[in-house]
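Dear colleague,

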Amino acid sequence: QVQLVESGGGLVQPGGSLRVSCAASGSIFSVYFMGWYRQAPGKQRDLVAGITSSGTTNYADSVKGRFTISRDNAKNTVYLQMNSLKPEDTAVYYCNAGIKAAGSPASDYWGQGTQVTVSS
């Protein structure tokens with residue numbers, strides 16, 4: 001019923017920029033926390049950035065000053081603007097959201113992931 005659909009990943013050169021988006025759809029009553037996680041091959045999935053429904057943000061130390069998370073509550077969409085990208089940012093990026101949908105308790109939802117590759 002609830003889906004998170006990501007878009008915007010791709011290949012970018014070191015120092016470049018990329019923006020990924022994630023839109024939640026379905027019979028949604030409320031969207032609480034929204035965040036982006038990433039997982040590189042052979043590594044665990046880690047939080048990159050998160051944002052509450054009131055706009056409070058938090059970032060992993062490795063991306064502070066380079067990445068910016070934002071959200072459009074009217075569109076149930078979260079964005080991650082990534083600047084000054086480094087090869088070590090290469091990973092599959094996953095969208096995550098806490099959502100209260102019709103007929104369901106508040107639950108945690110994940111997107112399918114979008115590949116971001118930083119390489120020359």
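Predicted model: local features only at pLDDT ≥ 70, side-chain atom pairs only at ≥ 80, totals over all residues.

Residues are numbered from 1 along each chain as its sequence is written, and side-chain values use heavy atoms, with hydrogens and water left out.

Taking a disulfide as a pair of cysteine sulfur atoms within 2.5 Å, the count comes to one: C22 and C95, whose sulfur atoms lie 2.1 Å apart. This pair links distant parts of the chain, since C22 sits in strand β3 (residues 18–25) and C95 in strand β9 (residues 91–101), 73 residues apart; strands here are DSSP runs of E, at least two residues long, numbered from the N terminus. The link is left-handed, with -80° about the S-S bond, and both C22 and C95 are buried (under 20% relative accessible area, with exposed meaning over 50% and partly exposed in between, using a 1.4 Å probe and protein chains only).

Strand β3 also belongs to an open antiparallel sheet of four strands in the order β1-β3-β8-β7, where pairing requires that DSSP finds at least two bridges between two strands. The edge strands, each pairing on one side only, are β1 (3–7) and β7 (67–72). Between β1 and β3 there are five bridges, and Q3 has S25 of β3 as its bridge partner.

Finally, P87 lies in the loop between β8 (77–82) and β9 and is partly exposed, with a relative accessible area of 45%. Its C-alpha is 9.1 Å from that of G15, although P87 and G15 are 72 residues apart in sequence.

Best regards
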